[in-house]
Amino acid sequence: MSDWLKKLKTWARVMKRDVVALWLAARDPRTPMVAKIVAGSIAAYALSPIDLIPDFIPVLGYLDDLLIIPLGIVLAIKLVPPVLMAEFRVLADERIQRPTSRAGLLSIMAIWLLVAAMALRWCYTRFAIP
């Protein structure tokens with residue numbers, strides 16, 4: 001494997017850890033309010049399947065993934081006190097090492113599908129043309 005590919009994988013691993021750490025920072029009462037808002041927004045956007053610019057748009061689709069998220073992460077890290085950020089990074093490393101649950105994923109997906117079906121049924125009965 002080439003040297004730049006190893007660096008890229010390491011950078012991606014660090015970004016993933018920092019997103020989780022920022023999510024933890026946004027939920028911690030010791031984090032300043034401005035840092036909470038920025039950290040929470042960036043973490044939510046990075047973890048969200050919905051993009052500001054859809055990925056199917058050529059070039060611009062990946063712009064948010066390549067620029068907006070990393071710059072937002074850097075800004076949020078600068079707003080969180082360094083002592084707290086170090087603590088959140090350790091906690092994030094621990095969380096990333098935990099095994100994931102496919103049953104949990106399927107349960108959440110089932111709940112979302114049920115909510116969507118109920119919303120569609122409500123819309124159909126409410127707005128159906130007789």
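Exposed, in what follows, means over 50% relative accessible area, and buried means under 20%. The model is a predicted one.

Take Ile50 to begin with. Its relative accessible area is 63%, so Ile50 counts as exposed. Ile50 sits in the loop that joins helix H2 to helix H3. As a general remark, nonpolar side chains in soluble globular proteins tend to be buried together.

Gln97 is another case. Gln97 belongs to helix H4. With a relative accessible area of 65%, over the 50% cut-off, Gln97 is therefore exposed as well. The C-alpha atoms of Gln97 and Asp55 are 29 Å apart, and the two residues are 42 apart along the chain.

Now the buried side, and helix H1. Does the length of H1 agree with its residue count, or disagree? H1 has 25 residues, which at 1.5 Å a residue should span 36 Å; the C-alpha atoms at its ends are 37 Å apart, so the two agree. The buried residues of H1 are Met15, Arg17, Asp18, Val19, Val20, Ala21, Leu22, Leu24, Ala25 and Ala26. Among the elements covering them are H2, H3 and H4.

On to the pair H1 and H4. H1 covers residues 3–27 and H4 covers residues 82–97; their axes come within 8 Å and cross at roughly 115 degrees. The crossing is right-handed. On the H1 side, the contact is made by Lys16, Arg17, Asp18, Val20, Ala21, Leu22, Leu24, Ala25 and Arg27. On the H4 side, it is made by Met85, Phe88, Arg89, Leu91, Ala92, Asp93, Arg95 and Ile96. Sorted by class, that contact has 10 nonpolar residues, seven charged and no polar ones.

Next, the largest nonpolar core. Which of its 22 residues touch the most other members? They are Leu22, Ile73, Val80, Met85 and Phe88. Two or more residues of this core come from each of H1, H2 (33–47), H3 (63–79) and H4. H1 gives the most, with eight residues.

Leaving out residues up to four places away in sequence, Val80 touches Leu22, Ala25, Thr31, Ala35, Met85 and Phe88. Of these, Leu22 and Ala25 are also in the contact of H1 with H4, on the H1 side, and Met85 and Phe88 on the H4 side.

That is the end of the talk.

Conventions. Residues are numbered from 1 along each chain as its sequence is written. This is a predicted model: local features need pLDDT of at least 70, side-chain atom pairs count only at pLDDT 80 or more; totals for chains, interfaces and linings use all residues. Side-chain values use heavy atoms; hydrogens and water are left out. Axes are lines fitted to C-alpha atoms, for helices over the stretch in contact, and angles run from 0 to 180 degrees between N-to-C directions. Helices (H or I, at least four residues) and strands (E, at least two) are DSSP runs, numbered from the N terminus. A crossing is left-handed if the near helix is turned anticlockwise from the far one by less than a right angle, and right-handed if clockwise. Contact means heavy atoms within 4.5 Å. Ala, Val, Leu, Ile, Met, Phe, Trp, Tyr, Cys and Pro count as nonpolar, Asp, Glu, Lys and Arg as charged, and the others, Gly among them, as polar. A nonpolar core is a set of buried Ala, Val, Leu, Ile, Met, Phe, Trp, Tyr and Cys residues joined through side-chain atoms within 4.5 Å. Buried means under 20% relative accessible area, exposed over 50%, partly exposed in between (1.4 Å probe, protein chains only). The expected span of a helix is 1.5 Å times one less than its number of residues.
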